[in-house]
Amino acid sequence: MYDYDRTAPLLCSSAGCTLLILTAALMTGCSQDPASPKPEPTRFTHTVVTDGLDEPLQVEFDEQGHVYWIERTGALKRIHEPTGRVDELGTLPLYEGQAPGLVGFLLDQEFAQTRQLYVYYSAAGDDGDMRLSQFTLDKNGTINLDSEVVLLTIPWTQPDGSHFGGGMTWDEKGNLYLAVGDDTPASPYESIHYPSDDSSRVRDAARTAGNTNDLRGAILRITPQPDGSYTIPEGNLFSENNSKARPEIYGMGTRNPWRLSIDSKTGVLHWGEVGPDAGADSEKYGPMGYDEFNVAPSAGNFGWPYVIGQNRSYHRYDYETDSYGAPYDPEGPINNSPNNTGRRELPPAQSSLLAYPYQVSDEWPILGSAARSAVGGPIFHRADFAEDAPRVFPSYFEGKWLVTDYVRNWIMVMTMNEARTEVTDIERLMPPERTSHKQPLDMDFGPTGDLYLVEYGRDGQGRLSKITYNDGTRAPVAVANADRPTGAVPLRVTLSAEGTVDYDEDELQHEWTVQPQDGRDPTSFTGPNPTLTLEQPGRYEATLTVRDPAGATDRASVEIVAGNERPEVAIDITDGNRSFYFPGDTIAYDVQVRDPEDGSLSTGSIPGNQVRLTAEYLPSGLSPSELEDLQAQSENTPQISLRHLQGQNLITQGSCGTCHQRDSALVGPSFTAIAERYADTPSALDTLVHSIRNGNVGTWGQTPMPAQTTLSNTEASQIADYILSLAQSDSEQQSMPLRGTFVTEGHESRGNHPRLQRFFSPEFELGSYVLRARYTDTGHDTVDGLSLSGSAHLLLRPPLLGPETADVFSETGISYTPSTDDPGFIVSGPRPHIGFKQLDLTGIDRITIGALTRFWQWSHFLGATVEVRLKSPDGPLVGTPDRQFQPDSLTAVDGPFFGDDLDPPVTVDASGVTGQHDIYVVFRNPEADPDDATLVITGLKFER
């Protein structure tokens with residue numbers, strides 16, 4: 001028999017035994033005030049604390065109110081919210097190849113005195129290892145790299161950092177918990193049917209999570225000592241004198257445990273755990289994949305890779321015969337892997353508290369259906385906060401566990417029974433329409449009572465945000481508008497407060513102040529919609545202030561220009577499609593400009609040389625919303641083309657600027673010098689993209705250029721394209737005739753759109769053309785500074801669109817996770833839809849919609865009929881598709897699904913429609929429940 005530490009009371013498998021062990025300890029753990037009502041959603045506000053972060057992972061707090069976080073790229077940072085000051089406390093030297101990076105972080109319990117912190121990271125020089133280390137901040141508040149004390153070294157074989165865990169927390173006894181993943185790649189079912197040869201043994205989770213003698217796939221618990229060593233606390237799974245068993249293990253049998261939380265009242269450990277990828281049960285292997293929320297009242301074995309969820313067993317694998325047999329026994333799983341270095345007989349498997357699959361959970365449909373990534377979160381207790389903490393959540397949440405899912409982007413409030421053996425209720429913290437966070441990867445309460453979120457993102461797309469509770473008067477939200485923001489004097493303007501709201505339904509006071517920008521005295525008005533006449537030309541700022549009876553206020557402003565009216569600019573396509581281009585097409589165009597004061601371009605009163613028209617090709621493509629964003633940015637940087645604004649933004653937001661500047665050398669050469677060196681090299685773009693993504697040394701000296709592994713190929717191409725442009729003439733910005741033709745080209749693909757290319761194999765690059773016309777009028781005859789610009793743009797896209805570029809999404813039934821490895825766009829429910837505004841169907845004969853009922857290991861989709869409609873989701877039907885998407889046509893269930901296993905696209909006849917229309921694509925399955933996933937959408941192709 002195995003001799004796991006019997007001083008650690010394991011959670012018994014029967015409900016009766018569980019209650020005997022736990023009831024006494026947990027009686028006070030989940031008490032809630034039955035009189036406390038559920039708070040209204042409008043009492044919660046989500047705000048961004050700081051953004052522009054590069055792969056943030058975890059958050060911590062000190063007693064002075066500072067908020068700390070780590071970034072996977074090695075940085076430790078801190079913000080002082082009252083001032084907004086962000087301090088960089090240092091960057092840990094990381095292993096330069098593919099490795100997990102800095103993934104775990106914890107402040108010492110006596111941080112104010114010791115200035116010590118703990119990190120879990122892949123250190124420079126440690127090829128194939130992870131470290132749990134202690135560092136001390138120096139007197140300047142920065143990390144003293146020489147102070148490192150390594151507590152643990154853990155082997156690591158997955159170079160991309162798969163399943164690295166990294167969650168860390170303390171209990172009240174000073175024990176440090178560290179979550180360590182199982183160090184295996186993604187798998188559809190269990191990861192135990194692999195032999196011991198070096199090429200495949202890394203896929204064997206029985207060598208780690210199922211191995212009593214390995215620290216991976218486990219939650220470790222140690223007691224750090226002042227001298228940098230550690231001791232083993234009583235109650236771990238294995239005692240120190242056990243052979244072939246590591247005493248640091250508190251919980252074994254975990255796949256990828258993420259964030260750890262200790263209930264401050266009960267001392268019970270909680271965490272979220274990411275499960276395998278299988279989308280359906282398999283007769284050969286066993287159950288489908290589940291993500292889990294787990295609770296450990298005591299040390300135990302949580303089953304992976306032998307069981308999953310509520311102890312659903314995988315089938316036994318015989319290494320000698322390469323065959324599967326009866327299910328594993330959760331009461332006594334046996335590790336017979338040739339890669340096992342620990343005990344063969346394992347402790348009984350403990351059931352998860354809650355498990356949910358890709359598809360809708362029968363027990364908890366509120367969790368939805370989509371990809372999964374259970375994170376976890378804190379357990380709320382009012383006693384954890386000071387009495388004067390300003391924004392503590394109400395007692396309604398007492399004893400409840402707040403959990404989040406990184407992919408599904410929800411925050412749920414989970415109510416558990418006192419024994420923590422079952423979930424009794426789940427509800428959303430905030431409704432989807434009030435949810436503005438994205439990709440939450442850590443979540444914890446700060447000392448003020450605010451719930452802080454780490455929102456993961458690469459290349460400056462990460463954020464630190466918080467959800468704040470307001471138990472008092474809610475301030476009104478002001479919205480200011482004007483019916484005529486520009487025009488000749490006398491200019492009669494009606495100001496409008498329409499859209500202003502007060503969630504307390506108080507009667508509001510409305511005050512308007514109209515301030516001339518030339519220093520003249522302002523004019524004030526009361527009431528929501530006053531009318532005024534501006535007799536003197538000039539610029540004015542009209543500010544609305546709304547005030548509720550408690551004195552809470554909000555303000556909003558609108559600019560008014562009197563004495564001049566903005567010119568109107570239009571680009572007319574006289575021959576060709578206004579939405580799509582096909583290689584080799586000739587587009588005929590005509591620019592029109594009209595200005596009430598200056599006249600028009602057609603009559604000659606506006607000279608043609610005062611109007612500028614440009615055409616640019618953007619290799620990475622562009623959606624209408626992205627074009628609007630770039631247009632706004634280009635107002636401040638008109639010397640940079642739209643095409644190169646994207647690359648410049650990536651450089652500004654990323655780490656390139658730490659080593660390079662535009663015109664002068666820093667650590668590395670200037671961008672201009674790089675551009676000049678490669679100016680006449682045909683393969684320059686490919687060379688730079690490879691250097692950016694994979695690193696380089698020797699080209700510009702012996703200082704190595706680190707690999708930017710977090711950049712996609714598209715992003716690296718945009719950076720390289722911008723750099724090379726610095727040695728070129730401003731050809732993209734050259735003016736074109738205001739009337740004429742131009743020919744669109746089909747460019748060779750650079751692999752910028754791997755998802756669309758995977759499923760449609762386009763013959764040319766999926767870039768976009770942008771035509772932009774601009775005119776700035778002469779302003780006012782006697783008052784300077786009143787010139788106004790008018791502009792127009794025309795976006796010509798390739799005839800293959802990703803569903804995520806749609807302009808309209810139904811309020812429910814749409815789930816999109818950006819990814820280069822899977823389709824990612826999932827529709828659910830009986831009738832969700834997406835919509836594209838003003839697409840030109842002139843010359844378009846058919847619309848092909850790509851969708852899948854299976855992909856990779858996903859096979860839980862119900863199928864649907866696709867409808868293409870005009871004007872609205874209920875508008876006229878364009879045509880009937882040639883078939884439905886039906887999963888029954890496929891027989892395989894195990895996956896992975898590629899090639900002939902995938903559904904062919906459907907085609908809708910659009911030959912009877914011409915002109916521009918709002919196009920809606922509706923996915924209909926009347927039998928689907930609201931959370932049933934029906935299809936994975938890959939793209940829409942418009943064909944001639």
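Gln-439 lies in the loop between strand E27 (423–428) and strand E28 (440–445), where helices (H or I, at least four residues) and strands (E, at least two) are DSSP runs numbered from the N terminus. The model is predicted: local features need pLDDT of at least 70, side-chain atom pairs count only at pLDDT 80 or more, and totals for chains, interfaces and linings use all residues. Residues are numbered from 1 along each chain as its sequence is written, and side-chain values use heavy atoms, with hydrogens and water left out.

**Backbone geometry**

Phi of Gln-439 is near 50°, a positive value in a residue other than glycine. Gln-439 is partly exposed, with a relative accessible area of 25%; buried means under 20% relative accessible area, exposed over 50%, and partly exposed in between (1.4 Å probe, protein chains only). Asn-311, also not a glycine, has a positive phi of about 55° and is placed in the loop between E19 and strand E20 (312–313). Most residues other than glycine have a negative phi, and most peptide bonds are trans.

A cis peptide bond joins Trp-304 and Pro-305, with omega about 10°. Pro-305 belongs to the loop between strand E18 (300–301) and E19. Another cis peptide bond, with omega about -10°, joins Val-489 and Pro-490; Pro-490 sits in the loop between strand E32 (486–487) and strand E33 (491–496).

**Cavities**

The model has four cavities of 30 Å³ or more. A cavity is a set of points, on a 1 Å grid over the protein atoms alone, where a 1.4 Å probe fits but cannot get out; lining residues have an atom within 4 Å of a point. Grid points are joined across faces, edges and corners, and a volume is the space filled by probe spheres set on the points.

The second largest cavity has a volume of about 50 Å³. Its lining includes Arg-255, Glu-273, Tyr-290 and Trp-304. Strand E17 (291–296) and strand E19 (307–308) each supply at least two residues of this lining. By class, the lining has six nonpolar, one polar and four charged residues.

**Salt bridges**

The count of salt bridges is 37, each being a side-chain nitrogen of Lys or Arg within 4 Å of a carboxyl oxygen of Asp or Glu.

| Pair | N to O distance |
|---|---|
| Arg-85 and Asp-87 | 3.1 Å |
| Asp-450 and Arg-391 | 2.8 Å |
| Arg-474 and Asp-504 | 2.7 Å |

Arg-474 lies in the loop between E30 and E31, and Asp-504 in the loop between E33 and strand E34 (509–516), so the pair ties together parts that are 30 residues apart in sequence. Arg-474 is buried at 5% relative accessibility, whereas Asp-504 is partly exposed at 21%. In the pair of Arg-85 and Asp-87, Arg-85 is partly exposed at 41% relative accessibility, and Asp-87 is buried at 18%. Asp-450 and Arg-391 form a salt bridge that links distant parts of the chain, 59 residues apart. Asp-450 is buried, with a relative accessible area of 0%, while Arg-391 is partly exposed at 26%. Elsewhere, Arg-831, Glu-867, Arg-869, Asp-874 and Arg-924 are linked in a network of salt bridges.

How values were computed: On a 1 Å grid over the protein atoms alone, a cavity is a set of points where a 1.4 Å probe fits but cannot get out, and a pocket is an open set with protein on both sides within 12 Å along at least five of seven lines; lining residues have an atom within 4 Å of a point. Ala, Val, Leu, Ile, Met, Phe, Trp, Tyr, Cys and Pro count as nonpolar, Asp, Glu, Lys and Arg as charged, and the others, Gly among them, as polar.
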